[in-house]
Amino acid sequence: MEINTANKAESFDYGSLQSVDAEAGVLGAILLESSTATKLFQKLNKNLFVDGRHRKIYKTMQSLLIENVPIDEATIIQKLTRQGEDAEQEAGGRSYILTLQDNCPSTANFSYFLEELQDFAIRRSLYNQMQ
């Protein structure tokens, strides 16, 4: 990927430095295999998630893990509901949360999605350093 640094004021499509599908895939993998969430979370950090919905869901999952509460769609929605209607909407709403598993047909895809997110995070970091 080539980034033009000649005119830094020029508009840049930050969306090209993320993969919404990979973000959703990682979250879907956690939902599919919540019994190994601790292991999966060791490889993640909030900076891998650019999409605001995914970042909110990731933080909620992380909070559930810390509280030793099982991670599934119901517990995520419950926790967000307790935080208020805005929190649930920030996460894309109930219907969005319920579709996350569809983005990851198998937990075997977790590593692929994670590698993609890490690659985009490096690219964002390099882009931000050039600004």
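In which crossing, left-handed or right-handed, does helix 1 pass helix 7? The model is a predicted one, in which local features need pLDDT of at least 70, side-chain atom pairs count only at pLDDT 80 or more, and totals for chains, interfaces and linings use all residues. Residues are numbered from 1 along each chain as its sequence is written, and side-chain values use heavy atoms, with hydrogens and water left out.

The chain holds seven helices and zero strands (DSSP runs numbered from the N terminus, with H or I over at least four residues for helices and E over at least two for strands). Of its 131 residues, 37% are buried, that is, under 20% relative accessible area with a 1.4 Å probe and protein chains only.

Helix 1 (residues 20-32) packs on helix 7 (residues 110-130) at about 140 degrees, with the axes 9 Å apart; axes are lines fitted to C-alpha atoms over the stretch in contact, and angles run from 0 to 180 degrees between N-to-C directions. Helix 1 passes helix 7 in a left-handed crossing, meaning that the near helix is turned anticlockwise from the far one by less than a right angle. Contact (heavy atoms within 4.5 Å) is made by Asp21, Ala22, Glu23, Gly25, Val26 and Ala29 of helix 1 and by Phe110, Phe113, Leu114, Glu116 and Leu117 of helix 7.

In helix 3, the buried residues are His54, Lys56, Ile57, Tyr58, Thr60, Met61 and Leu64. These buried residues pack against helix 1, helix 2 (37-41), helix 4 (73-83), helix 5 (85-90) and helix 6 (93-99).

Notes:
Buried means under 20% relative accessible area, exposed over 50%, partly exposed in between (1.4 Å probe, protein chains only).
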